[in-house]
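Hi there,

Could you have a look before we next speak?

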Amino acid sequence: DLRQLQCDYVCFSGHKMCGPTGIGVLCALGDAIDQLVPLCVGGGSVESVQDDDVHWRAAPHRFEAGTPHIAGAIGLAAACDYLDSVGIQAIESHVAALSTAARRRLGELPKVRVWGPDDPRHCGGAVAWTLEGVDPHTVARVLSDRFNICVRSGLHCAEPAHRAAHAPETVRASFYLYNTRDEIDVLVDALGTIGAQLSS
């Protein structure tokens with residue numbers, strides 16, 4: 001409930017919720033939307049233009065210059081309908097179970113340190129770890145090239161958070177509604193092999 005959150009702005013991207021890339025949503029409560037200046041301008045976003053001034057159309061039109069991303073909007077609406085049909089609670093439960101299992105299984109591997117909170121309510125489906133003596137980017141590349149496992153490595157666009165947690169660069173797997181426990185087994189087996197080969 002955005003009103004209960006009492007945020008001025010809430011935004012999200014479509015591709016993070018099974019929708020297409022290149023589209024997202026910005027919700028603004030009250031008159032907060034009127035404080036924003038358009039980033040992209042063009043046809044449909046202005047009432048009139050003078051040599052030294054511009055009069056914007058009322059929101060949301062001022063933020064929709066040119067032809068709207070029609071296909072993206074349709075795809076995002078379909079993704080919203082799909083997630084509603086699965087159920088947010090069901091997705092949260094599934095992701096929490098996978099996150100908990102992954103943290104436990106990865107933590108059993110020698111020389112692996114799992115970073116972040118143990119409570120899946122505080123980390124969602126993201127599970128980050130380091131393998132002692134092996135650069136995280138190397139781990140990610142080997143997982144990709146040899147085992148067809150896609151993960152992220154580095155500071156994950158969150159360098160201040162890493163610094164606050166005294167955490168180095170990490171490898172991160174992100175679990176969602178389409179992942180399975182079998183995939184955790186594949187990841188752990190692959191990481192065990194990498195650890196035995198690269199850290200020996």
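Let me begin with helix 3, where Ile91, Val95, Leu98, Ser99, Ala101, Ala102, Arg103, Arg105 and Leu106 are buried (under 20% relative accessible area, with a 1.4 Å probe and protein chains only). These buried residues pack against helix 2 (70-86), strand 5 (112-115), strand 6 (126-131) and helix 6.

A word on the source: this is a predicted model, in which local features need pLDDT of at least 70 and side-chain atom pairs count only at pLDDT 80 or more, while totals for chains, interfaces and linings use all residues. Residues are numbered from 1 along each chain as its sequence is written, and side-chain values use heavy atoms, leaving out hydrogens and water. Helices are DSSP runs (H or I, at least four residues) and strands likewise (E, at least two), numbered from the N terminus.

Helix 3 (residues 88-107) packs on helix 6 (residues 181-198) at an angle of about 20 degrees, with the axes 10 Å apart (axes are lines fitted to C-alpha atoms over the stretch in contact, and angles run from 0 to 180 degrees between N-to-C directions). That makes the two helices roughly parallel (under 35 degrees). On the helix 3 side, the contact (heavy atoms within 4.5 Å) is made by Ala97, Leu98, Ala101, Ala102, Arg105 and Leu106.

Helix 4 (residues 136-147) also packs with helix 6, at an angle of about 120 degrees and with axes 11 Å apart.

Best wishes

Notes: Parallel < 35°, antiparallel > 145°, perpendicular 65-115°, else oblique. Buried < 20%, exposed > 50% of the residue type's maximum accessible area, 1.4 Å probe, protein only.
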